[in-house]
Amino acid sequence: MHLLSSLWLLAATAEAHYRFSRIVVNGVAETKEWTAVRQTKNYQSNAGVTDVNSPDMRCFQMRPGTSTATIAAGETLGFIAASSVSHFGPVQFYMAKVPESADINTWEPAGNVWFKAAKIDAVKGAGGYTSGPDTWPAYQKQQVEFQIPKNVPSGKYLVRVESIALHQASNPGGAQIYLSCAQINVTGGGNGTPGPLVAFPGAYKSNDPGLIWSYYPVKTSYTAPGPAVWSG
Ligand SMILES: *[C@@H]1O[C@H](CO)[C@@H](O)[C@H](O)[C@H]1NC(C)=O
Ligand SMILES: [Cu+2]
């Protein structure tokens with residue numbers, strides 16, 4: 001019995017990875033994977049990125065994009081996790097404006113081009129932080145979503161979804177980052193100046209407190225890594 005349950009746990013752990021391969025625009029889900037989402041290197045393994053200094057932190061990209069989804073500023077953009085966000089941790093959404101003259105399918109988002117558009121961070125309960133869904137609102141969800149800021153200028157963007165899995169992150173390098181980039185065309189935007197702008201790699205260090213988790217003693221504070229969310 002004991003051996004069996006250990007084996008089951010091992011299998012469950014191995015299968016617990018995921019990928020973000022489809023988007024949902026205003027409640028309408030893409031039917032096919034890797035349509036507006038650039039296909040990632042983990043499209044078969046579902047494994048996360050663990051080296052925050054790797055260029056894989058940008059889009060974890062295996063091949064260029066194939067199409068661009070249109071969405072209005074202020075509307076809701078979702079990402080579907082296949083098959084779910086099965087590890088606890090924060091989920092964050094970054095956006096990078098594609099230069100007018102660039103081809104969105106092949107543009108490489110290097111340098112300080114990313115601003116944080118939204119995050120689904122930890123919620124501190126009466127007992128502090130736990131490793132369960134009471135603390136992590138995105139945990140075990142099949143879809144995570146955010147609102148395109150109303151004030152972003154119209155135009156082409158890459159939207160980078162990132163789920164930071166903390167279950168093995170008791171030491172630097174243990175966090176697993178599940179990410180992908182969607183290609184979108186924002187219409188009806190405003191005249192804001194999104195920022196601060198950061199680079200991937202560069203925005204995170206492996207010993208960032210937000211990339212480390214302690215089961216015991218449990219953390220008394222937690223903030224997801226990276227810059228503040230753009231205030232719009
Ligand atoms: C984005 O939308 C604008 C306004 O509808 C359109 O003119 C432009 O061609 C679109 N660009 C892409 C890349 O879809
Ligand atoms: Cu996993």
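Which protein donors hold the copper ion (ligand 2)? In this predicted model, where local features need pLDDT of at least 70, side-chain atom pairs count only at pLDDT 80 or more, and totals for chains, interfaces and linings use all residues, side-chain values use heavy atoms, with hydrogens and water left out. Residues are numbered from 1 along each chain as its sequence is written, while chains are lettered from A and ligands numbered from 1 in the order in which they are written.

The donors of the copper ion are His17, through ND1, and His87, through NE2, lying 2.0 Å from the ion. Donors here are N, O and S atoms within 2.8 Å of the metal (3.2 Å for Na, K and Ca), and since water is not among the atoms, sites may look incomplete. Histidine 17 sits in the loop between helix H1 (2-14) and strand E1 (19-25), and histidine 87 in the loop between strand E4 (76-82) and strand E5 (91-97), so the pair ties together parts that are 70 residues apart in sequence. Helices (H or I, at least four residues) and strands (E, at least two) are DSSP runs, numbered from the N terminus. Histidine 17 is partly exposed, at a relative accessible area of 21%, whereas histidine 87 is buried, at 5%. Buried means under 20% relative accessible area, exposed over 50%, and partly exposed in between (1.4 Å probe, protein chains only).

The UniProt record, an unreviewed entry, annotates residues 17-222 as "domain: Auxiliary Activity family 9 catalytic". UniProt positions are given in the numbering used here, feature names are shortened, and such annotations may be inferred rather than shown by experiment. Over residues 17-222 the chain is 2% helix and 30% strand, and the end C-alpha atoms are 23 Å apart.

How are the strands arranged? Four of them form an open sheet in the order E2-E1-E4-E7, with antiparallel pairing. Strand E2 (28-29) and strand E7 (143-147) stand at the edges with a single partner strand each, so one side of each is left without a neighbour in the sheet. Two strands count as a pair if DSSP finds at least two bridges between them. E1 and E4 are joined by 6 antiparallel bridges, and valine 24 has glycine 78 in E4 as its bridge partner. Strand E1 also holds phenylalanine 20, which is buried with a relative accessible area of 1%.

Another set of pairings involves E5 and strand E8 (residues 155-165). E5 runs antiparallel to E8, with 7 bridges joining them; tyrosine 94 has arginine 160 in E8 as its bridge partner, and lysine 97 stands opposite tyrosine 157 in E8. E5 also pairs in the antiparallel sense with strand E6 (residues 114-120) over 6 bridges, where methionine 95 faces phenylalanine 115.
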